[in-house]
Amino acid sequence: MKLKLLILSITLACFQHRASAGISIRRDISYSTRPAPDRGNLLDVYYPKDKTQPSDVMVFIHGGSWNSGKKESYWWLGRNMARKNVVTVIINYSLSPIHQYEKMVADCAEALKWVSVNINDYGGDVKRIFVMGHSSGGHLAALINSDPRFFKQQKIRNPIHGLILNDAFGLDMFEYLNAAEDNGQTNSFLNTFSRDTEMWKTGSPLNYLENVNNPYLIFAGERTYPAIKIQSERLHKGLLATNKKTEFRIIPRKKHIGMISQMFFKGNSLYAYILDFMKTY
């Protein structure tokens with residue numbers, strides 16, 4: 001067993017080294033002036049070594065039911081995107097049960113402020129910052145984009161050029177928490193959103209569609225959780241109804257985790273969809 005683990009570690013290290021060709025990485029950059037001992041307000045930047053022309057920027061917000069996940073787990077996403085000439089920023093943020101969703105979104109807003117000020121140093125185009133979130137990270141991405149209070153707290157305008165939601169969970173937490181049966185995650189969700197039903201409403205991105213002024217690319221797995229498919233389609237239709245730019249794609253045969261893990265492979269079709277979306281807008 002030890003030999004197998006050693007071989008796996010060596011193989012992964014070699015893969016990471018090959019994947020780094022042509023790109024640079026800066027890890028564990030603090031995006032906040034406030035200490036966060038429980039989590040660390042840190043981000044990683046993956047960027048092409050050739051910075052002669054400004055590149056599109058993608059900020060990735062990881063999932064994990066608002067109570068888990070870390071930026072280091074997504075090194076392959078940063079490297080794949082950077083090798084496709086997209087400056088990629090992967091962030092940490094506060095988690096439950098210590099913190100609730102408003103602190104998480106505030107962290108994301110502060111990270112975006114850092115990006116808007118500093119990304120030019122890494123060859124990124126500050127006018128072309130896209131944000132992508134998976135699962136609960138999709139919820140945070142959609143909320144930071146549509147509820148203006150969080151960027152107002154940072155005293156900046158919304159810097160997001162476009163939004164990419166990958167199997168986003170929690171687009172309407174009021175609907176979900178009222179309709180869903182109790183399960184192993186329910187208490188965790190209540191830690192994040194409290195038992196105050198008004199907070200369920202204020203924490204739901206679907207309640208702020210009138211504030212959306214940038215394009216959306218929405219993915220949902222064919223075999224994902226029903227709530228994700230239903231609410232993702234509602235978001236798409238709601239944006240269409242208000243003449244907003246939106247694309248909606250159901251990805252065949254994919255479950256929830258598979259919607260992000262498939263992107264480990266640099267040739268995965270989601271990259272083509274994302275790059276085409278960036279090029280279009």
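View 1. Leu43 stands opposite Ile91, a residue of strand S4, where helices (H or I, at least four residues) and strands (E, at least two) are DSSP runs numbered from the N terminus. Residues are numbered from 1 along each chain as its sequence is written. Because this is a predicted model, local features need pLDDT of at least 70 and side-chain atom pairs count only at pLDDT 80 or more, while totals for chains, interfaces and linings use all residues, and side-chain values use heavy atoms, with hydrogens and water left out. Strand S2 (residues 42-48) runs antiparallel to S4 and is joined to it by four bridges, two strands being counted as paired if DSSP finds at least two bridges between them. Strand S3 (residues 55-61) pairs with S4 in the parallel sense over five bridges, and within this pairing Phe60 has Ile90 as its bridge partner.

View 2. Five of the five residues of S4 (residues 87-91) are buried, so the strand is largely enclosed by the rest of the structure; here buried means under 20% relative accessible area, exposed means over 50%, and partly exposed lies in between (1.4 Å probe, protein chains only). Val87, Val89 and Ile91 are buried on one side, and Thr88 and Ile90 are buried on the other, which leaves both faces covered. S3, helix H2 (residues 75-83) and S4 make a right-handed β-α-β unit, meaning that, with the strands pointing away from the viewer, the path from the first strand over the helix to the second runs clockwise.

View 3. Side chains of opposite charge can pair when their charged atoms come close. A salt bridge is a side-chain nitrogen of Lys or Arg within 4 Å of a carboxyl oxygen of Asp or Glu, and the whole structure contains 11 of them. In the one between Arg234 and Asp172, the closest N and O atoms are 3.2 Å apart. Arg234 lies in helix H9 (residues 226-241) and Asp172 in the loop between strand S6 (160-166) and helix H6 (173-179), so this pair ties together parts that are 62 residues apart in sequence.

View 4. Lys201 and Glu198 meet through their side chains in a salt bridge (3.5 Å, N to O). Both residues lie in helix H8 (residues 197-202), three residues apart, about one turn of the helix.
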